[in-house]
Amino acid sequence: MEAGQNFKRHRRLRSSAAMRSLVRENHLRMDDFIYPIFIVEGENKKNEVPSMPGVFQISLDHIKKEMEDLLSLGIKAVMVFGVPDEKDEQGSGAFIETGIVQEATRLIKKEVPEMLVVADTCLCEYTSHGHCGVIHNHDVDNDESLKLLAKTAVSQADAGADIIAPSNMMDGFVAVIRQALDEAGYTNIPIMSYAVKYASAFYGPFRDAADSTPQFGDRKTYQMDPSNRMEALREAESDVEEGADFLIVKPAMSYLDIVRDVKNNFKAPVVAYNVSGEYSMVKAAAQNGWINEKELVLEKLTAMKRAGADLIISYFAKDVARWLNE
């Protein structure tokens, strides 16, 4: 190119670390994160999940210290999953007053009240068959399941949950839960809906952590086909109309186009769920020395923000807090 010819000098804004920081468009903050925790029954239990290095199932007596540690890192919200000792056909452990999520929620709000509790509202961890509802004729009965999900949501609100997060993907679940919460006097409790939840292979390690693998069949009649895009907008639209306050897209990493679609089409905060398989693949690669874990994780979580996520549910939240505080 001839000397003096005019062309754009984009590299001017990449010339130093300070310059790149000055013009950076998206940032990760600890206020963006929700950390999932798994609560088991019993005492003095802290079991590392074999397929999720650094993630533990903990008993109630470990909760106070865990919450204090999280707050010290700047993590202000947890999503609580229960791992009960006993299961039955109805998943009654999900909605009884002494359920493990209810007990954990009461303890968190008593000991560390500033921690925001997001209660996972589903039946799969509590049913003997591992599905997210009531089984009739070898299939999940949508409307019968809604009744139990509504009971679960109210019992979690009774225990002090700040946000109800129904993850079951039954048709009408937001409408039924919203009505039940309102009738119980919880009009100010928001619903963080798993609005767009795909039937994904990325959930494998979670089923190890939560002991929620289906005993027969799969969840493809209620979770979404990974091939579909427009279906995500239909699902999200229904949830917004029924009263959802937040919209979750799950999984996140392979569905960033869906995160952007939801962000562009709806005004509710969008939550990207950085799921267990996404976590475990990175941890395995890092343990083998194949990647720079810190750089890769921060890059992919920033990509979720760039795609439109307002919040991120991630098992990496503790790691990110330490890296951002360095």
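Predicted model: local features only at pLDDT ≥ 70, side-chain atom pairs only at ≥ 80, totals over all residues.
**Entry: H2 against H3**

I began with helix H2, residues 63-73, and helix H3, residues 100-111, whose axes lie 10 Å apart and which pack at an angle of about 55°. That angle makes H2 oblique to H3, and I noted that the crossing in which H2 passes H3 is right-handed. I then listed the residues that meet: on the H2 side I found Ile63, Lys64 and Met67, and on the H3 side Ala104, Leu107, Ile108 and Glu111. Sorted by class, this contact of H2 with H3 holds five nonpolar and two charged residues, with no polar ones.

**Entry: H3 by itself**

Next I looked up the length of H3, which has twelve residues and reaches 16 Å from its first C-alpha to its last, close to the 16 Å expected at 1.5 Å a residue.

**Entry: H10 against H11**

For the second pair I took helix H10, residues 293-307, and helix H11, residues 317-325, which pack at an angle of about 105° with their axes 11 Å apart. H10 and H11 are therefore roughly perpendicular to each other, since angles of 65 to 115 degrees fall in that class. H10 brings Glu293, Lys294, Val297, Leu298 and Leu301 to the contact, while H11 brings Asp319, Val320 and Trp323. By class I noted five nonpolar and three charged residues in the contact of H10 with H11, and again no polar ones.

**Entry: Glu231**

Last, I turned to Glu231, which I found in helix H7, residues 230-242. Is Glu231 buried or exposed? Its relative accessible area is 19%, so Glu231 is buried, the cut-off being under 20%. Leaving aside residues up to four places away in sequence, I found that Glu231 touches Met224 and Asp225. I also looked up Val196, which is 35 residues from Glu231 in sequence, and noted that the two are 8.7 Å apart in space, C-alpha to C-alpha.

Terms used:
Residues numbered from 1 in each chain as written. Heavy atoms only, no water. Axes fitted to C-alpha atoms, helices over the stretch in contact; angles between N-to-C directions. Helix = DSSP H or I, 4+ residues; strand = E, 2+ residues; numbered from the N terminus. Parallel < 35°, antiparallel > 145°, perpendicular 65-115°, else oblique. Left-handed = near helix turned anticlockwise from the far one by under 90°. Contact = heavy atoms within 4.5 Å. Nonpolar A, V, L, I, M, F, W, Y, C, P; charged D, E, K, R; others polar. Expected span 1.5 Å × (residues − 1). Buried < 20%, exposed > 50% of the residue type's maximum accessible area, 1.4 Å probe, protein only.
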